[in-house]
Amino acid sequence: MLGGMDATTPLLAIDRATVLRDGRALLDQLSLQIAQGQHTAILGPNGSGKSTLVKLVERRLYPLVHDDGTPVVRIFGRERWNVAELRSLLGVVSSDLRREFEATHERAIDTVLSGFFASMTLGLDHVVDGGMRTRAVAALARVGAAHLAERDVSTLSTGEARRVLIARALVHQPRALLLDEPCAGLDPGTRRRFLDLLRQLAREGTTLLLVTHHVEEIVPEIGHVVMLRDGALHAEGPKAGLLAGDRLSSLFDWEMEVAHVDGFYDARLR
Ligand SMILES: Nc1ncnc2c1ncn2[C@@H]1O[C@H](COP(=O)(O)OP(=O)(O)OP(=O)(O)O)[C@@H](O)[C@H]1O
């Protein structure tokens, strides 16, 4: 058990979170609760606050505090976290992270190894043992990127870099994966393999929080959907009710129709 946390402690409990930038609310009084094991897809139009929500969970952004001092964001039941400790429980894949890693010019294998230390680079104080190295190599192989191990991450193509980031997010076997458009830049075969891997991880107990514009990436294990618009909660609930033509049409302001095959959904513009 982690710091008094048991399986009933919510993974995420957000109470009226407001994030301001330049006088504008990127998140506006957003309240949300996600249980451990409640695999969730987060949908919304461009600029609706999805990445801001991910950064709030990662502790890259902070919300306004409540006047009465009640917690705004609790993760695994705790309001205060040592950021490194928190990040060791989460695996994150996002474009922001990719940009930051490119600036390090590390070898891909070292980028993956940095996932063990919740750091951007490997430093002298990071002791990498043989077991970690074996797991890092295995994580790269799992996403079809073993051949990239020695490459400078800044020289990788979009899809190659994405695979390395996914390997880094998985290497320390986090309790939850925070995936912000993780399939961006992946070719169809790699995307399919990655989605199969997500399904396996979900079944093994890793909670998935998936931000996506592509309904067909919502794997069958994800049962919960959160819809954001203008930084606020537009709708939330079981996938079967929300991945419907009328609900998606009202979210994206465009007529959409939805097909449902073998546990997967597919949404098309009308
Ligand atoms: N640092 C910042 N300063 C000012 N505005 C910002 C900043 N970061 C984000 N925004 C704005 O906040 C809003 C929400 O951005 P966010 O990246 O969370 O949207 P998103 O739902 O992830 O969009 P997309 O689907 O395009 O990735 C956008 O209008 C964006 O322009």
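Reader: How many residues does helix α6 have, and how far does α6 reach from its first C-alpha to its last?

Author: This is a predicted model, in which local features need pLDDT of at least 70, side-chain atom pairs count only at pLDDT 80 or more, and totals for chains, interfaces and linings use all residues. Residues are numbered from 1 along each chain as its sequence is written. Helices (H or I, at least four residues) and strands (E, at least two) are DSSP runs, numbered from the N terminus. The expected span of a helix is 1.5 Å times one less than its number of residues. Helix α6, residues 158–171, has 14 residues and reaches 20 Å, close to the 20 Å expected.

Reader: How many residues of α6 are buried?

Author: A residue is buried if 20 or more other C-beta atoms lie within 10 Å of its own, exposed if 12 or fewer, and partly exposed in between, with C-beta atoms placed from the backbone. In α6, 12 of the 14 residues are buried, so the helix is mostly covered. Among them are Glu 160, Arg 162, Val 164 and Ala 167.

Reader: Which elements do the buried residues of α6 pack against?

Author: Contact here is a matter of distance: two residues are in contact if their C-beta atoms, placed from the backbone, lie within 7 Å. The buried residues of α6 pack against the strands β5 (90–93) and β6 (176–180), and against the helices α3 (95–102), α4 (108–114), α5 (130–142) and α7 (188–204).

Reader: Which residues touch the most other members of the largest nonpolar core?

Author: In soluble globular proteins, nonpolar side chains tend to be buried together. A nonpolar core is a set of buried Ala, Val, Leu, Ile, Met, Phe, Trp, Tyr and Cys residues joined through C-beta atoms within 7 Å. The largest one has 76 residues, and those touching the most other members are Ile 42, Val 112, Val 164, Ala 167, Leu 178, Leu 209 and Leu 210. Helix α6 gives the most to this core, with 8 residues.

Reader: Why is β7 described as largely enclosed?

Author: Strand β7 is largely enclosed by the rest of the structure because 5 of its 5 residues are buried. Thr 207, Leu 209 and Val 211 lie on one side, Leu 208 and Leu 210 on the other, and both faces are covered.

Reader: Which strands are joined to β7 by bridges?

Author: Two strands pair if DSSP finds at least two bridges between them. Strand β3 (residues 40–43) runs parallel to β7 and is joined to it by 3 bridges, with Ala 41 opposite Leu 210. Strand β6 is also parallel to β7, with 5 bridges, and Leu 178 has Leu 209 as its bridge partner.

Reader: Where does Gln 173 lie, and what is its phi?

Author: Most residues other than glycine have a negative phi. Gln 173, in the loop between α6 and β6, has a positive phi of about 50°. Gln 173 is partly exposed because 13 other C-beta atoms lie within 10 Å. Arg 59 also has a positive phi, of about 65°, and its place is in the loop between α1 and β4 (73–75).
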